[in-house]
Amino acid sequence: MIADSKIVPVILAGGSGTRLWPISRDSLPKQFLALAEDAGTLYQETLRRVAPGALFAAPIVVTNEEFRFFAQRQAREIGIEPTVLLEPVRRDSAPALLAATLLAQRLHGDEVSVLVLAADHVIGDTPAFHAACHKALNAAGLGHIVTFGITPTEPRTSYGYIRPGAALNGGSAARVEAFAEKPHAELARQYMDEGYLWNSGNFLFPAQLMLDEAELYEPDVVDAVRRALASAKSDLGFCRLGADFRSAPSVSIDYAVMERTSRAAVVEGRFPWSDVGSWNAMREIGAADERGNVQRGPVRLVDAQDSYIHSDGPLVAAVGVKGLSIIATGDAVLVMPSERSEEVKHLVAALKAERRNEANEHPKCHRPWGSYETINLGGRFRVKKIVVDPGERLSLQKHHHRSEHWIVVRGTAEVTVGETVSTVHENQSTYIPLGSVHRLSNPGRIPLELIEVQVGSYLGEDDIVRLEDIYQRVEAAPVLAAE
């Protein structure tokens with residue numbers, strides 16, 4: 001049996017999902033978005049589900065450099081302090097999961113049990129989920145790597161399936177006879193008739209058992225992550241894996257272990273679950289009106305039916321539509337029949353091939369100090385709204401090709417230009433000449449909001465030379481980053 005100790009949750013939060021484009025993009029993936037009314041982000045809701053207490057220890061979050069401050073800040077907003085483990089490069093789920101498992105052993109001992117969850121799934125019944133975790137913990141104590149299978153509600157072609165085998169532990173779990181890839185419609189119906197379960201891709205296991213099985217089937221992965229953790233560094237409260245992580249083969253945990261081990265077991269999850277893998281899935285988990293429409297944001301409908309309409313900015317008005325998904329942001333609008341929402345990934349791939357900025361960059365770009373968004377862009381000018389959180393500061397920097405005008409519209413700014421430090425209040429402005437070394441700080445207790453007007457021959461975000469930075473982003477040359 002596993003030692004009587006709390007389960008260590010591991011949250012995998014490094015993905016860059018684009019299936020919910022244009023809301024979710026590489027620079028701001030869905031796990032860090034609040035997609036439902038009166039709820040936190042998907043990541044925050046996942047953390048709340050496994051909040052430290054009687055059942056769970058403090059979580060370990062695995063993400064990457066780009067999302068490290070999202071992961072830290074959003075956890076702190078809900079009063080949770082995870083250990084944030086940073087991947088130097090993305091290497092699919094197996095290296096990430098195994099690195100976190102090794103870290104869980106380092107923090108809690110070799111006999112610890114680990115629960116691995118995706119950061120971007122929706123689970124509708126937390127008590128039922130906890131009950132499934134108890135069953136999985138018991139099965140894991142018998143020497144099994146347990147996955148959570150979801151009772152199907154319909155023959156879905158967008159999920160993988162699990163065929164349960166012989167009962168374990170009095171019927172609270174079962175051996176896994178087979179994993180099945182995403183089926184076509186007829187095969188999905190057959191799977192439902194034969195008692196298959198949806199594969200949620202979430203796991204609970206004894207840490208040492210998972211490492212032993214991975215060593216058996218993918219020793220190169222285990223060796224690389226062991227070396228990466230051994231050379232890990234602490235950086236601004238993050239645990240940064242060493243460079244050896246780059247040598248780990250990129251492989252999913254499903255292929256690396258689950259589909260090959262004889263120790264796989266499944267616990268049936270009798271709770272509402274979705275991986276929120278499409279806009280059609282968003283409609284299904286949303287609160288529909290009497291005509292089957294789900295609305296979010298400034299939306300007005302006349303004679304609409306069975307549609308999902310989501311706006312992050314402009315008013316969206318629709319008349320006489322049926323079975324459509326309409327999603328609008330400040331820079332893109334997506335319109336499609338709801339049943340074709342799985343094809344969004346192909347659209348995004350085409351936009352990336354065309355090097356369209358909308359494919360990757362979100363209109364509102366988040367940074368460790370706050371956020372910025374472009375309001376207008378011309379041939380020799382760019383207008384931005386910048387928000388700096390209380391007590392935060394941007395890097396000490398300069399630009400080779402542009403000057404900047406700052407107009408404070410809320411709060412108080414501390415502005416450094418060369419050797420001069422001045423305070424700029426609401427409805428006041430200041431000028432940053434081309435080439436001047438400068439910094440912007442918020443010394444106040446409320447967010448600082450200002451309008452920045454850039455003027456120059458080149459306005460790209462890579463015209464930034466950082467000379468000093470509290471977030472350790474200083475480079476020897478201009479960097480592809482914002483402020």
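**Overall build**

Modeller: Of the protein's 483 residues, 52% count as buried, meaning under 20% relative accessible area, with exposed over 50% and partly exposed in between (1.4 Å probe, protein chains only). This is a predicted model, in which local features need pLDDT of at least 70 and side-chain atom pairs pLDDT 80 or more, while totals for chains, interfaces and linings use all residues. Residues are numbered from 1 along each chain as its sequence is written, and side-chain values use heavy atoms, without hydrogens and water.

Biologist: How many helices and strands does the protein have?

Modeller: Helices (H or I, at least four residues) and strands (E, at least two) are DSSP runs, numbered from the N terminus. On that basis the protein has 10 helices and 30 strands.

Biologist: What radius of gyration does the protein have?

Modeller: The radius is taken over C-alpha atoms, and the globule rule is 2.2 Å times the number of residues to the power 0.38. For 483 residues that rule gives 23 Å. The protein is close to this, so it is as compact as a globular protein of that length: its radius of gyration is 24 Å.

**Core and helix H4**

Biologist: Which residues have the most contacts inside the largest nonpolar core, and which element gives the most to this core?

Modeller: A nonpolar core is a set of buried Ala, Val, Leu, Ile, Met, Phe, Trp, Tyr and Cys residues joined through side-chain atoms within 4.5 Å. The largest has 83 residues, and those with the most contacts inside it are Tyr 43, Leu 115, Trp 279 and Leu 440. With six residues, the element that gives the most to this core is H4.

Biologist: What is the distance between the end C-alpha atoms of H4?

Modeller: The expected span of a helix is 1.5 Å times one less than its number of residues. H4 covers residues 126-141, so its 16 residues should span 22 Å. The model agrees: the end C-alpha atoms are 22 Å apart.

Biologist: Which residue caps the N-terminal end of H4?

Modeller: Look for a polar contact, a pair of N or O atoms within 3.5 Å; within protein, one must be able to donate a hydrogen and the other to accept it, and residues adjacent in sequence count only if both atoms are side-chain atoms. A side-chain oxygen lies 3.1 Å from the backbone nitrogen of Ala 128. That oxygen belongs to the capping residue, Asp 125.

**Single residues**

Biologist: Is Leu 86 buried or exposed?

Modeller: Leu 86 sits in strand E3 (residues 83-87). Beyond four places in sequence, its contacts (heavy atoms within 4.5 Å) include Thr 63, Arg 68, Phe 238 and Leu 241. Its relative accessibility is 1%, so Leu 86 counts as buried.

Biologist: Why does Asp 120 count as buried?

Modeller: Asp 120 lies in the loop between strand E4 (113-118) and strand E5 (122-123). Among the residues it touches are Lys 30, Leu 42 and Asp 275. Asp 120 counts as buried because its relative accessibility is 17%.

Biologist: What is the relative accessibility of Arg 355?

Modeller: Arg 355 is found in the loop between helix H10 (344-353) and strand E20 (364-367). Its phi is positive, about 60°, although Arg 355 is not a glycine. Arg 355 counts as exposed, with a relative accessibility of 78%.
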